[in-house]
Amino acid sequence: MVDVEHVTQRFGNTVAVDDISFTVAEGENLVLLGTSGCGKTTTLKMINKLITPTVGCVKVNGKDIAGQPAIQLRRGIGYVLQHNSLFLHYTVAENIATIPGLLKWSKDDIDNRVTELLVKLHLDPEKYRNSYPAQLSGGQQQRVNIARALAAQPPLLLMDEPFGALDTVTRTAIRKEFKELDEFKKKTIIMVTHDVQEAFELGDRICLMDKGKIVQIGTVRDLLNKPANDFVRSFLDDQRLQLTFQTIKLAELWPFVESSGQEGAMLKIRLEDTLWMAMQLLDGAEEKNAMLALTDQGVVKNVTWGILMQAYNIYKQK
Amino acid sequence: MPEAQSIWSFAVQQSDKLLEQTLTHIGLTFISLFFSILIGLPLGIFIARKNSFSSFVLGFANVLQTIPSIALLGFMIPLLGIGAVPAIVALFLYALLPIIRNTYTGIMEVDSAIKEAAIGMGMSYSQLLFKIEIPLAIPVILAGIRTATVINVGVATLAAYIGAGGLGEFIFGGIALNNTNMLLAGAIPAALLAIVFDFILSKVQHLNFRKWKLSMVVFPAIILILSSFYLIPQETASKLLAGFTPEFMGRTDGYLGLKNKYHLKMRTVVVSDAVMYKAAYEKKIDVISGYSTDGRLKAYGLVTLVDDKGIFPPYYAAPVVRMDVLAQYPELESVLNMLAGTITDSVMTELNYRADYLKESPEKIAKDFLIANNLWREPQTIGQGRVRIGSKIFTEQYILGQMYAMLIRGYTHLDVVNKNGLGGTKICFEAIQNNQIDMYPEYTGTGLLVILQTREDTVEKLSGNKDRVYDFVANGFKEKYNLKWLKPIGFNNAYALMMRRQQSDILHVRTITDLRNKLEE
Ligand SMILES: Nc1ncnc2c1ncn2[C@@H]1O[C@H](COP(=O)(O)OP(=O)(O)OP(=O)(O)O)[C@@H](O)[C@H]1O
Ligand SMILES: [Mg+2]
């Protein structure tokens, strides 16, 4: 869907983006990850022609965008900015209706779409439709911001740190909702973040950048298990254990798990869930002797924290 | 509060005029504001788009604003004459800067993330401008319009100087006539207008976004309606146009007398003394109220009309001297009287002209005159005694002061000190009373009306007869102040109606009665 081919962007003497290439398949979520100033925003803006590459070409749907009129191209691409950029003089509904308005949708279609999006993004349409951005909380504004980008159902969505301005708790919550939304599931998304956790949760693949260059592109596991160099390794170091637990499914540990003989308060979990979720479940349990009940084709194993750790150690050695 | 009472009664008595002036004032303010917005808004938008022009345009508008308002009005006269047009142009120029500047900053200050979002969502540049930038800049733009309005209400008072009317007529009339009620009757409404418009615009400025959509229609409509106020008070036109100073308009021995005694019905505008003569010369006005010995009379080719019904009191000039000084130096009186009868109106006009237009020094003019009249003598050796000569702050008085100094030095052994430029009548008169000067040239009319404050019926009885006025004043000064009026110098620096010589010849108008008849034809 998007092909970036040997693209370089210079601003005077600074090389913001240095000969990068990547491809994003239809329906894929690619996350651009990297430290501040490494060229993530610049890369994103070259895809909707806000910036023209100094060298190289960008293709959307196989066609070089250099030859396409910018305005039409942009109306077909959802764009969420890094900074809060709602139109202060428009109501929530008017903000969301921006692109449908530019595309001359009928009033009914626009109204229906606005309502639909407000509902999906958990904003009460009756209450917030006619509010102005200044009357919303930061989290609510960000939902509207995302709704505005989704309004005209663009097949491609560019998001520049969409949750960047929010506190960690709100951020985690919105991120969860976001993952579940059908609106996102079929879309091709290129998303920028500098939050490793976010990248791992939302990205099918991660494109790790440093100083304008791509250091490594790959799945979460690729980056964890086959880091291209020390930069990748150290970038992930802080959260390595958590990330690892997040990549391992309980199904993978199943062969190494032995059932505990004891009885306790049983918590249900599925085999497709990750080791990380299992541990969070045990952590969060109120009962002292909480255990997980793992079930595979009728076989039930009662599992404690210690048993999980033991299984993980065996798994790691294999 | 008797003062407040009388302001009120003045306002009630003059309510027609007050209403007319107020409407004119509002009209002037808003016509010019309308054009400023019409030009300033697009210009501000333009320089926000093409930044390279911004410093040039803003710099130019800035310079316009630093020109003193009176000077700007003065520049307008040769180009546009007098009346509404030059006043509106000047006000327009003043209002331009705040509007351009605020439009420009308003647009420039729109959050760049918002602009980028708009572009990133596929808005064209004109959509960005009209849907995003201008609406978001509106509070700032309105602040500029608000500033411009308040400036215009203030500067519009000066429009009265060039015959455009407005509340300045009362204000400057009040100042000139030392009439506090008249002054306040103009100043208070002017201040109220500024406050009221400022308040209304501050409300508009803080309306929320939704209401702006409506105000975008209502606001220009209101400006246009207010602008149209200027058209309402237009008087019926006569063939000739008179331009009178605010002072002349308010005096019984001025315009009021013209109306009562001559039944003169003429289209008049109020103009300042500073521009009046030139405006007559440039045919912007036809009849003016000037002083009969003013050098500009000659400079601009004007003639005075004979006051055949004698409504202008005589203003014959003569030296006023302290009695004790005359007693102390008996030789002084005859020396000062040497000038008596030597300077006629036209001679004084000529002398003033040489000073004001040929820029000759008062000393040279005085000496030339004395030599030509065989009065000049080389200064004698200085012995005992000293005479202090005062003069008011205008050309004629400087010249006379020099002549007296030269005569005293030439014919006596007294030393002379000139104390020039003592300001107006009040200051000169107080100086002589307090023994700070010994003499100064005064005018009979001034002595009669300003110093002796003679009652109207008495003035009426003297009926403008020059000798009777002189005697009355001389007596009054002697009895009340122990000051002596010496013999009159000869010229009469009174109010006079003036016309261009050429027009006076063509129309055969020599007297004020001729003028009245001509107007009634
Ligand atoms: N318009 C510009 N003019 C000059 N330099 C720019 C411009 N935009 C970006 N840069 C520079 O290019 C580099 C990359 O900037 P970019 O905004 O792409 O970084 P980023 O990865 O998005 O950083 P962050 O996480 O802080 O948003 C930086 O060094 C920045 O200073
Ligand atoms: Mg960025």
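The shell around ligand 1 divides into three nonpolar, six polar and two charged residues (Ala, Val, Leu, Ile, Met, Phe, Trp, Tyr, Cys and Pro count as nonpolar, Asp, Glu, Lys and Arg as charged, and the others, Gly among them, as polar). This is a predicted model, in which local features need pLDDT of at least 70, side-chain atom pairs count only at pLDDT 80 or more, and totals for chains, interfaces and linings use all residues. Residues are numbered from 1 along each chain as its sequence is written, chains are lettered from A and ligands numbered from 1 in the order in which they are written, and side-chain values use heavy atoms, with hydrogens and water left out.

Among the residues around ligand 1 are A:Phe11, A:Ala16, A:Gln82 and A:Glu161 (a residue is near a molecule if one of its heavy atoms lies within 4 Å of it). Helix α1 of chain A, residues 40–47, gives the largest share of this shell, three residues (helices are DSSP runs of H or I with at least four residues, numbered from the N terminus).

Oxygen atoms of ligand 1 lie 2.5 Å from a polar side-chain atom of A:Ser36 and 2.8 Å from a polar side-chain atom of A:Lys40. From A:Cys38, a backbone N or O atom lies 3.2 Å from an oxygen atom of the ligand. Taken alone, ligand 1 exposes 630 Å², and the protein buries 60% of that (Shrake-Rupley method, 1.4 Å probe).

In chain B, helix α23 (residues 466–481) holds B:Phe477. B:Phe477 counts as buried because its relative accessibility is 0% (buried means under 20% relative accessible area, 1.4 Å probe, protein chains only).

Definitions and conventions. A polar contact is a pair of N or O atoms within 3.5 Å; within protein, one must be able to donate a hydrogen and the other to accept it, and residues adjacent in sequence count only if both atoms are side-chain atoms. Helices (H or I, at least four residues) and strands (E, at least two) are DSSP runs, numbered from the N terminus. Buried means under 20% relative accessible area, exposed over 50%, partly exposed in between (1.4 Å probe, protein chains only).
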